[in-house]
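Thanks for coming, everyone. Let me put the structure up and walk you through it.

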Amino acid sequence: MTDTRPSFDPRRAVQLMSSRGHSGWLGMRYSAHGDDWVELELPWRQDLLAEAGGKVLASGPILSLMDMASGMAIWRAMADFSAIATLDLRVDYVRPAREGANVFGRSQCYRVTRSAAFVRGFAHDGDADDPVAHIQGAFMKIASSVPVGWNG
Amino acid sequence: MAEAGHIDALTPYARSLGILVDRWDGDIPVLRVEFDATVEGRPEHYHGGATGGLLETAGYGVLRAELDRLGRTAVLKPINITVQYLSAGKSRTSYAKGRITKLGRRSANITVEAWQDDPARPIATAVMNVLMADA
């Protein structure tokens, strides 16, 4: 079968979204993607730490990373760049990220209904078999007159 | 006024994001963040991650303040957070305030609300579990 879906290119979308705003401030980068998943990279940075004098990234930026990766995974799965809004997002922090390590966030959209989309995923610091966090979330499709492209 | 221990609740990440202690509501810090490019998602709206960061910081803030009040010292580590997004954060100041639902010896359960104009109409809420490890 030929894939006739209109393409949503996460690589280009990350470049666009990370040129400004919160994603730009965090410096999020494209890492990888599949048909229904997207992985982004959050570079380690001194001013994103959980403790002064520490070396471990705070959990807030990981929430942002997973939110953005999840939105993109949904656009991949829907093959549609329409407006979506996060309903809820749960993050289980199973271990701290290694000191000085960049964090990768991979989210998969495993189900899309008429009005909702569901994601699950994880964050890791280099080894996808040893995650630092697991996530799950629900998003709503929204009818909106605002420009699409930034879930928030 | 904020005491030294209370200010410790603001992590380098929180300071970098522009989160401040707006005021104290009794023993509870009320945090705020101004709208600017740092927190912006789609144009003129908060990014969900920035709202989540504000909620999480307010959760740590109320827990740190309460531990200080009780004379307890602990290293706080996140176990999990669940954020519910209720309405889009618009381009103005956001506030957040936490409440400790259960304070145990090793873990705490905290509920947090964020709002903009009206505290009775939160834009997002969160529930967090935090581990309190020996300092």
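Start with A:Ser23, in helix H2 of chain A, which covers residues 21-26. Keep in mind that this is a predicted model. Is A:Ser23 buried or exposed? Its relative accessibility is 4%, so A:Ser23 counts as buried; the cut-off for buried is under 20%. What does A:Ser23 touch, once we leave aside neighbours within four places in sequence? From its own chain, A:Met17, A:Ser18, A:Met28 and A:Met68. From the other chain, B:His47.

Now the rest of chain A. DSSP runs give 3 helices and 6 strands. Along the sequence, the pattern reads α-α-β-β-α-β-β-β-β. Chain A has 152 residues, and 51% of them are buried. Next, contacts with a separation of 6 or more: in chain A, 62% of these involve residues 24 or more positions apart. The accessible surface of chain A is about 6,900 Å². Carbon and sulfur atoms hold 49% of that surface.

Over to chain B. How many helices and strands here? Chain B has 3 helices and 6 strands. From the N terminus, the order is α-α-β-β-α-β-β-β-β. The radius of gyration of chain B is 14 Å, close to the 14 Å from the globule rule for 135 residues, so chain B is as compact as a globular protein of that length. Its C-alpha trace spans about 45 × 30 × 25 Å along the principal axes.

Burial in chain B: 53% of the 135 residues count as buried. Contacts in chain B: take those between residues at least 6 apart in sequence, and 61% join residues at least 24 apart. Surface: chain B exposes about 6,000 Å² of accessible area, with 47% belonging to carbon and sulfur atoms. Charge: chain B carries 16 positive and 16 negative side chains. The centres of those two sets lie 7 Å apart.

A word on annotation. The unreviewed UniProt entry has "domain: Thioesterase" over residues 45-120 of chain B. That label comes from the record. In the model, this span is 30% helix and 41% strand. Its end C-alpha atoms lie 20 Å apart.

Two residues in chain B to finish. First up, B:Glu44. Where is B:Glu44 found? Look in the loop between strand S2 (28-33) and helix H3 (48-70) of chain B. The backbone there is worth a look: phi of B:Glu44 is near 70°, a positive value in a residue other than glycine. With 46% relative accessibility, B:Glu44 counts as partly exposed.

Then B:Ile100. This residue lies in strand S4 of chain B, residues 94-103. Its relative accessible area is 21%, so B:Ile100 is partly exposed; the buried class takes values under 20%. Which residues does B:Ile100 contact, beyond its neighbours within four places in sequence? The list is B:Val62, B:Leu63, B:Glu66, B:Asn109 and B:Ile110. Now try B:Arg32 as a reference point. B:Ile100 and B:Arg32 are 68 residues apart in sequence, and their C-alpha atoms are 19 Å apart in space.

One last look back at the start. A:Ser23 is buried, and B:His47 is among its contacts. B:Ile100, by contrast, is partly exposed. That's my tour; over to you for comments.

Definitions and conventions: Residues numbered from 1 in each chain as written. Chains lettered and ligands numbered in written order. Predicted model: local features only at pLDDT ≥ 70, side-chain atom pairs only at ≥ 80, totals over all residues. Heavy atoms only, no water. UniProt positions renumbered as here; feature names shortened; annotations may be inferred. Helix = DSSP H or I, 4+ residues; strand = E, 2+ residues; numbered from the N terminus. Rg over C-alpha atoms; globule rule 2.2 N^0.38 Å. Buried < 20%, exposed > 50% of the residue type's maximum accessible area, 1.4 Å probe, protein only. Contact = heavy atoms within 4.5 Å. Areas by Shrake-Rupley, 256 points an atom, 1.4 Å probe, with all protein chains shown as cover. Lys, Arg positive; Asp, Glu negative; His and termini not counted. Charge placed at Lys NZ, Arg CZ, Asp CG, Glu CD.
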